[in-house]
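Take a walk through this fold, one step at a time. Keep the sequence beside you as you read.

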Amino acid sequence: MSKKQKFEVQENESIEACLNRMKQQGYVPVRRTEKPIFQEVKKGNETIYEPVGRQIVFEAQLLE
């Protein structure tokens, strides 16, 4: 078993559910990373990038 692991919050999962899943596997969160997810939208000749969501990833450490 790895001492560190990354857990991504799934599309239809709450942050709390992800934390509970982490805890059930014996891990405790040490860092949270959020990345925006953009969508390319073309308006005439320009291309605009609009935020459509976010990806949340928790870095977790094995609880000993």
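A polar contact is a pair of N or O atoms within 3.5 Å; within protein, one of them must be able to donate a hydrogen and the other to accept it. Keep that cut-off in mind. The model here is a predicted one.

Start with Glu13. Its place is in the loop between E1 and helix H1, which covers 15–24. The side chains of Glu13 and Arg21 are joined by a polar contact of 3.1 Å. Glu13 also reaches toward the backbone: a polar atom of its side chain lies 3.0 Å from the backbone nitrogen of Gln10. Now set aside the neighbours within four places in sequence. Glu13 is then in contact with Glu8, Cys18 and Arg21.

Next, look at the rings. The structure holds 1 aromatic pair. Its partners are Phe7 and Tyr27, arranged edge-to-face, with 5.6 Å from centre to centre and 65° between the planes. Phe7 lies in strand E1 (residues 4–8) and Tyr27 in strand E2 (residues 27–43), so the pair ties together parts that are 20 residues apart in sequence. Are these two residues buried or exposed? Both Phe7 and Tyr27 are buried.

Now follow E2 onward. E2 and strand E3 (residues 46–62) run antiparallel, and 16 bridges join them. Then find the turn. The hairpin of E2 and E3 has 2 residues between the strands. In this hairpin, Gly44 takes a positive phi near 65°.

Methods:
Residues numbered from 1 in each chain as written. Predicted model: local features only at pLDDT ≥ 70, side-chain atom pairs only at ≥ 80, totals over all residues. Heavy atoms only, no water. Phe/Tyr/Trp six-rings, centres within 6.5 Å; stacked < 30°, edge-to-face > 60°. Helix = DSSP H or I, 4+ residues; strand = E, 2+ residues; numbered from the N terminus. Buried < 20%, exposed > 50% of the residue type's maximum accessible area, 1.4 Å probe, protein only. Contact = heavy atoms within 4.5 Å. Pairing = 2+ DSSP bridges.
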